[in-house]
Amino acid sequence: MLTADSGSVLRLVEIEGRGRALVASQPLKAGQIVLQDSPIVVYSAFPLVKPQSSASYCDNCFRILSSSANVVPCPLCSHHLFCGPNCLTAATASSHSPWVCQALSRLRDCPSLFSQPLEQQVQARFLIAAYNLALVSPSDFQVLLSLQGQYSPSDAPAAEFLHSLILSVCPPPSLPISIELTAALLAKDKLNAFGLMEPISLQQDGERSVRAYGIYPKASFFNHDCLPNACRFDYLDSAPAQNTDMIVRMIHDVPVGREICLSYFPVNLNYSARQKRLTEDYGFTCNCDRCKVEANWSDNEADVIDDNGTVEENEDEEIMEEDNDEQMVASEGDEVGEADFPHAYFFVRYMCNRENCWGTLAPLPPSNDVQSKVLECNACGNHKSEEDMC
């Protein structure tokens with residue numbers, strides 16, 4: 001059911017050229033929570049043998065394991081750690097069943113896997129998690145299979161290798177698997193997995209790493225836009241419960257019927273980098289309003305964001321003033337002239353200016369129908385008041 005706690009606010013539709021999409025079923029306000037979604041699969045983004053320099057996370061909820069945490073190792077393998085007895089108990093009954101524990105342990109001792117790219121170790125983790133889902137929750141496994149994602153011949157070598165490996169080393173009990181099923185699952189994962197990022201305090205060279213991947217069945221219906229009107233928030237290390245849930249909030253007001261879109265990556269990427277990511281990872285090229293404008297820019301014109309995340313103004317590029325917010329929303333989707341720069345306002349107002357953050361800002365949820373004047377970054381968590389932007 002595609003709703004937020006506050007009621008039905010999103011509607012699933014088919015849009016020609018874009019496929020399934022989520023649109024507003026009522027006018028939506030800035031900061032409004034439009035979706036809270038729980039993952040049906042969560043798995044570690046680390047290789048089977050983690051680098052010693054990497055941080056440690058609970059293998060159930062993926063909170064960072066601090067020195068004061070009541071860390072409990074898996075009694076069967078000792079390779080997997082949990083942030084307490086409750087997480088161990090929950091994992092043993094679901095994501096870290098005895099078969100999963102045995103399968104991951106056997107894969108750790110498999111020389112042929114370690115001669116492959118590291119990506120295939122992570123894919124092996126996903127396949128073990130997916131086949132385990134079929135054993136512990138067949139209905140959720142069917143949901144996984146219903147998601148977008150078609151097998152590509154270019155993925156055949158990885159699918160064939162991993163399928164053969166799992167069948168020979170750790171076949172799932174009472175579950176017939178085929179190369180076609182393995183390939184289909186890898187396609188679903190490639191197109192629908194969301195990265196759960198490490199804390200920004202652990203980033204190196206301006207890059208944040210992924211601690212885990214999750215597949216969120218409802219959130220998978222959000223399409224991409226390079227100037228999104230909503231963004232996702234994760235509270236892995238701060239939420240007291242359901243900390244792996246994804247929360248999607250509106251960045252600004254939108255009218256009924258407008259498609260609600262996320263950006264699949266930080267909005268600071270330039271045109272060529274965005275198109276490369278979308279083509280390689282998702283199999284499409286973007287033709288949003290921003291891309292239509294930037295496709296005609298020279299390389300110099302494309303560098304409108306400096307290393308500190310500041311928008312650089314040219315004499316012929318007028319940045320919209322704050323009181324033009326309503327005009328910006330109303331004009332979304334209108335044809336844009338080549339010389340226009342309609343998204344500079346977005347960078348000024350909705351992109352975090354913390355060094356090397358590149359997160360997106362959205363207002364905190366409204367209180368008693370009153371819009372918050374405080375914006376939160378979905379990457380570093382910093383808060384910024386509207387007064388700070390004046």
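In helix H7, the buried residues are Leu181, Thr182, Ala183, Leu185, Leu186, Ala187, Lys188, Asp189 and Asn192. Buried here means under 20% relative accessible area, exposed means over 50%, and partly exposed lies in between (1.4 Å probe, protein chains only). Helices (H or I, at least four residues) and strands (E, at least two) are DSSP runs, numbered from the N terminus. The model is predicted: local features need pLDDT of at least 70, side-chain atom pairs count only at pLDDT 80 or more, and totals for chains, interfaces and linings use all residues. Residues are numbered from 1 along each chain as its sequence is written, and side-chain values use heavy atoms, with hydrogens and water left out.

The buried residues of H7 pack against both helices and strands. The helices are H4 (118-136), H5 (138-146) and H6 (156-169). The strands are S4 (41-44), S7 (193-197) and S8 (210-215). H7 itself covers residues 179-192. Its 14 residues should span 20 Å at 1.5 Å a residue, and its end C-alpha atoms are 20 Å apart, which agrees. The expected span is 1.5 Å times one less than the number of residues in the helix.

Leu185 belongs to helix H7. Its relative accessible area is 0%, so Leu185 is buried. Beyond residues up to four places away in sequence, Leu185 touches Phe126, Leu127, Ala130, Tyr131, Phe141, Leu144 and Leu145. Contact means heavy atoms within 4.5 Å. Leu185 and Leu145 are 40 residues apart in sequence, yet their C-alpha atoms are 7.0 Å apart in space.

Helix H4 was examined in the same way. At 1.5 Å a residue, its 19 residues should span 27 Å; the end C-alpha atoms of H4 are 28 Å apart, which agrees. Of these 19 residues, 15 are buried, so H4 is largely enclosed by the rest of the structure.

H4 also contributes to a pocket. With 6 residues, H4 gives the most to the lining of the second largest pocket. The volume of this pocket is about 650 Å³. Of its 30 lining residues, Val41, Val42, Asn60, Ser94 and Ser95 are the closest to the centre. S4, helix H2 (98-108) and H4 are the elements that give two or more residues to the lining. Grid points are joined across faces, edges and corners, and the volume is the space filled by probe spheres set on the points.

Cys61 lies in the loop between S4 and strand S5 (72-73). At 6% relative accessibility, Cys61 is buried. Leaving aside neighbours within four places in sequence, Cys61 contacts Cys83, Cys87, Leu236, Asn243 and Thr244. Cys61 and Ala241 are separated by 180 residues in sequence and by 9.5 Å in space, C-alpha to C-alpha.

The search of the whole structure finds 8 salt bridges. A salt bridge is a side-chain nitrogen of Lys or Arg within 4 Å of a carboxyl oxygen of Asp or Glu. One of them joins Glu259 to Arg18 (2.9 Å, N to O). This pair links distant parts of the chain, 241 residues apart. Glu259 sits in the loop between strands S11 (246-250) and S12 (261-262), and Arg18 in the loop between strands S1 (10-15) and S2 (19-24). Glu259 is buried at 14% relative accessibility. Arg18 is partly exposed at 36%.

Asp234 and Arg232 also form a salt bridge, at 2.5 Å, N to O. Asp234 is partly exposed, with a relative accessible area of 24%. Arg232 is buried at 18%.

In another pair, the closest N and O atoms of Glu294 and Arg290 are 2.8 Å apart. Both residues are in helix H9 (residues 289-294), 4 residues apart, so about one helical turn separates them. Glu294 is buried at 5% relative accessibility, and Arg290 is buried at 3%. Salt bridges link Arg274, Arg290 and Glu294 in a network.

Across the protein chain there are 12 helices and 15 strands. Buried residues make up 48% of its 390 residues. Among contacts between residues at least 6 apart in sequence, 64% join residues at least 24 apart.

Notes. On a 1 Å grid over the protein atoms alone, a cavity is a set of points where a 1.4 Å probe fits but cannot get out, and a pocket is an open set with protein on both sides within 12 Å along at least five of seven lines; lining residues have an atom within 4 Å of a point.
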